[in-house]
Amino acid sequence: MKKTHIIGLILIAVAIGIILITTGDASTYVGFDEAERISQQDPSQKVHVVGTLRKDAAGQIVGLNYNPALDANRLEFLVQDSLGRENQVIYAAPKPQDFEKSEKIVLVGSMHSDKVFYCDKILLKCPSKYQEGKISADSSASVAAKN
(Lines give C-alpha, C1' and ligand atoms only; values in the text may rest on other atoms or scores of the structure.)
Protein backbone atom coordinates (compact mmCIF):
# COMPACT_ATOMS: atom_id res chain seq x y z
CA MET A 1 0.00 0.00 0.00
CA LYS A 2 1.08 3.49 -0.69
CA LYS A 3 1.86 5.92 2.09
CA THR A 4 -0.99 8.24 1.02
CA HIS A 5 -3.53 5.38 1.22
CA ILE A 6 -2.45 4.54 4.77
CA ILE A 7 -2.69 8.20 5.83
CA GLY A 8 -6.13 8.44 4.19
CA LEU A 9 -7.39 5.36 6.06
CA ILE A 10 -6.08 6.73 9.35
CA LEU A 11 -7.86 10.05 8.75
CA ILE A 12 -11.12 8.25 7.96
CA ALA A 13 -10.81 6.15 11.14
CA VAL A 14 -10.18 9.27 13.23
CA ALA A 15 -13.19 11.02 11.66
CA ILE A 16 -15.45 8.04 12.40
CA GLY A 17 -14.17 7.96 15.99
CA ILE A 18 -14.92 11.66 16.47
CA ILE A 19 -18.44 11.23 15.08
CA LEU A 20 -19.14 8.30 17.41
CA ILE A 21 -17.85 10.19 20.46
CA THR A 22 -19.96 13.27 19.66
CA THR A 23 -23.19 11.37 19.09
CA GLY A 24 -22.77 9.49 22.37
CA ASP A 25 -22.96 12.80 24.25
CA ALA A 26 -26.03 14.10 22.43
CA SER A 27 -29.21 14.53 24.43
CA THR A 28 -32.80 14.97 23.33
CA TYR A 29 -35.48 17.64 23.84
CA VAL A 30 -38.26 16.27 26.04
CA GLY A 31 -40.87 17.33 28.58
CA PHE A 32 -40.68 16.61 32.32
CA ASP A 33 -42.76 13.41 31.96
CA GLU A 34 -40.36 11.98 29.40
CA ALA A 35 -37.35 13.16 31.45
CA GLU A 36 -38.73 11.23 34.42
CA ARG A 37 -39.19 8.10 32.32
CA ILE A 38 -35.68 8.37 30.87
CA SER A 39 -34.15 8.84 34.33
CA GLN A 40 -35.77 5.61 35.53
CA GLN A 41 -34.10 3.72 32.68
CA ASP A 42 -30.74 5.55 32.76
CA PRO A 43 -30.17 8.02 35.64
CA SER A 44 -27.03 9.45 34.01
CA GLN A 45 -28.80 10.37 30.72
CA LYS A 46 -28.95 14.14 30.15
CA VAL A 47 -31.96 15.72 28.46
CA HIS A 48 -33.04 19.18 27.30
CA VAL A 49 -36.33 20.54 28.65
CA VAL A 50 -37.81 23.70 27.09
CA GLY A 51 -40.10 25.70 29.33
CA THR A 52 -41.18 29.02 30.75
CA LEU A 53 -40.82 30.56 34.18
CA ARG A 54 -44.11 31.14 35.97
CA LYS A 55 -44.54 34.78 36.91
CA ASP A 56 -47.16 36.50 39.06
CA ALA A 57 -49.08 39.66 38.14
CA ALA A 58 -46.17 41.82 39.33
CA GLY A 59 -43.75 39.98 37.02
CA GLN A 60 -41.94 38.17 39.86
CA ILE A 61 -40.91 34.55 39.32
CA VAL A 62 -43.12 32.15 41.30
CA GLY A 63 -41.22 29.64 43.44
CA LEU A 64 -37.83 31.34 43.07
CA ASN A 65 -35.52 30.52 45.95
CA TYR A 66 -32.07 32.08 45.73
CA ASN A 67 -30.11 33.37 48.70
CA PRO A 68 -26.51 34.20 47.69
CA ALA A 69 -25.57 34.98 51.29
CA LEU A 70 -26.51 31.45 52.35
CA ASP A 71 -25.43 29.52 49.23
CA ALA A 72 -24.53 31.37 46.03
CA ASN A 73 -24.39 28.10 44.09
CA ARG A 74 -28.00 26.98 44.63
CA LEU A 75 -30.92 28.29 42.62
CA GLU A 76 -34.39 26.75 42.93
CA PHE A 77 -37.37 27.68 40.77
CA LEU A 78 -40.49 26.33 39.05
CA VAL A 79 -40.68 25.75 35.30
CA GLN A 80 -43.64 24.84 33.14
CA ASP A 81 -42.59 22.71 30.18
CA SER A 82 -44.04 22.99 26.68
CA LEU A 83 -46.55 20.22 27.49
CA GLY A 84 -47.94 22.06 30.54
CA ARG A 85 -46.33 20.12 33.41
CA GLU A 86 -44.84 22.25 36.16
CA ASN A 87 -41.77 20.99 37.99
CA GLN A 88 -39.26 22.15 40.56
CA VAL A 89 -35.75 22.73 39.20
CA ILE A 90 -32.48 22.97 41.13
CA TYR A 91 -29.46 24.58 39.50
CA ALA A 92 -26.17 24.14 41.39
CA ALA A 93 -24.49 27.29 40.13
CA PRO A 94 -24.93 31.06 40.49
CA LYS A 95 -28.09 32.62 39.07
CA PRO A 96 -27.58 33.56 35.41
CA GLN A 97 -27.60 37.22 34.47
CA ASP A 98 -30.99 38.44 33.18
CA PHE A 99 -32.67 35.29 34.52
CA GLU A 100 -35.80 37.27 35.48
CA LYS A 101 -36.11 38.77 31.97
CA SER A 102 -36.08 35.47 30.10
CA GLU A 103 -39.13 34.43 28.08
CA LYS A 104 -38.19 30.78 27.59
CA ILE A 105 -35.45 28.68 29.07
CA VAL A 106 -33.78 25.45 28.06
CA LEU A 107 -32.66 23.26 30.94
CA VAL A 108 -29.96 20.64 30.41
CA GLY A 109 -29.85 17.99 33.10
CA SER A 110 -31.70 15.00 34.50
CA MET A 111 -34.68 14.13 36.68
CA HIS A 112 -33.87 12.44 39.98
CA SER A 113 -35.94 9.96 41.97
CA ASP A 114 -37.28 12.79 44.18
CA LYS A 115 -39.05 14.16 41.03
CA VAL A 116 -36.87 17.27 41.06
CA PHE A 117 -35.07 18.23 37.84
CA TYR A 118 -31.38 18.90 38.55
CA CYS A 119 -29.96 20.99 35.78
CA ASP A 120 -26.32 21.37 34.81
CA LYS A 121 -26.83 24.17 32.31
CA ILE A 122 -29.43 26.86 31.66
CA LEU A 123 -29.88 28.50 28.26
CA LEU A 124 -31.95 31.69 28.34
CA LYS A 125 -34.07 33.17 25.58
CA CYS A 126 -34.50 36.81 26.49
CA PRO A 127 -36.93 39.19 24.81
CA SER A 128 -35.58 40.75 21.67
CA LYS A 129 -34.80 44.44 21.58
CA TYR A 130 -36.23 44.39 18.05
CA GLN A 131 -39.90 44.05 18.97
CA GLU A 132 -42.29 44.33 16.04
CA GLY A 133 -44.37 47.51 16.06
CA LYS A 134 -42.02 49.53 18.24
CA ILE A 135 -40.34 52.57 16.76
CA SER A 136 -37.06 53.83 18.14
CA ALA A 137 -36.60 57.48 19.09
CA ASP A 138 -33.99 57.92 16.36
CA SER A 139 -36.32 57.02 13.47
CA SER A 140 -37.60 60.59 13.02
CA ALA A 141 -34.05 61.92 13.02
CA SER A 142 -33.00 59.51 10.29
CA VAL A 143 -35.98 60.55 8.11
CA ALA A 144 -35.07 64.20 8.57
CA ALA A 145 -31.44 63.48 7.67
CA LYS A 146 -32.50 61.85 4.36
CA ASN A 147 -34.48 64.93 3.25
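This is a predicted model: local features need pLDDT of at least 70, side-chain atom pairs count only at pLDDT 80 or more; totals for chains, interfaces and linings use all residues.

Which residues are linked in a network of salt bridges? Select Asp33, Glu36, Arg85 and Lys115, which are linked in this way. A salt bridge here is a side-chain nitrogen of Lys or Arg within 4 Å of a carboxyl oxygen of Asp or Glu.

Residues are numbered from 1 along each chain as its sequence is written, and side-chain values use heavy atoms, with hydrogens and water left out.

**Within the network**

Select arginine 85 and aspartate 33, whose side chains form a salt bridge at 2.7 Å, N to O. Arginine 85 is in the loop between E3 and E4 and aspartate 33 is in helix H2, 52 residues apart. Helices (H or I, at least four residues) and strands (E, at least two) are DSSP runs numbered from the N terminus. Arginine 85 is buried, at 18% relative accessible area, whereas aspartate 33 is partly exposed, at 47%. Buried means under 20% relative accessible area, exposed over 50%, and partly exposed in between (1.4 Å probe, protein chains only).

Next, select lysine 115 and glutamate 36, whose closest N and O atoms are 2.3 Å apart in a salt bridge. This pair links the loop between E5 and E6, which holds lysine 115, to helix H2, which holds glutamate 36, 79 residues apart. Lysine 115 is partly exposed, at 47%; glutamate 36 is buried, at 14%.

**A further salt bridge**

The structure holds 10 salt bridges. Another to select is that of arginine 54 with glutamate 86, with closest N and O atoms 3.0 Å apart. Arginine 54 lies in the loop between strand E2 (47-53) and helix H3 (68-71) and glutamate 86 in strand E4, so the pair ties together parts 32 residues apart in sequence.

**The aromatic pairs**

Rings of Phe, Tyr and Trp (its six-membered ring) pair if their centres lie within 6.5 Å; planes under 30 degrees apart count as stacked, over 60 as edge-to-face and the rest as tilted. The count by this rule is 2 aromatic pairs.

Select phenylalanine 32 and phenylalanine 117, an edge-to-face pair with 5.7 Å centre to centre and 70° between the planes. Phenylalanine 32 lies in helix H2 (residues 32-41) and phenylalanine 117 in strand E6 (residues 117-125), so this pair ties together parts 85 residues apart in sequence. Both phenylalanine 32 and phenylalanine 117 are buried.

Finally, select phenylalanine 77 and phenylalanine 99, an edge-to-face pair at 5.0 Å centre to centre.
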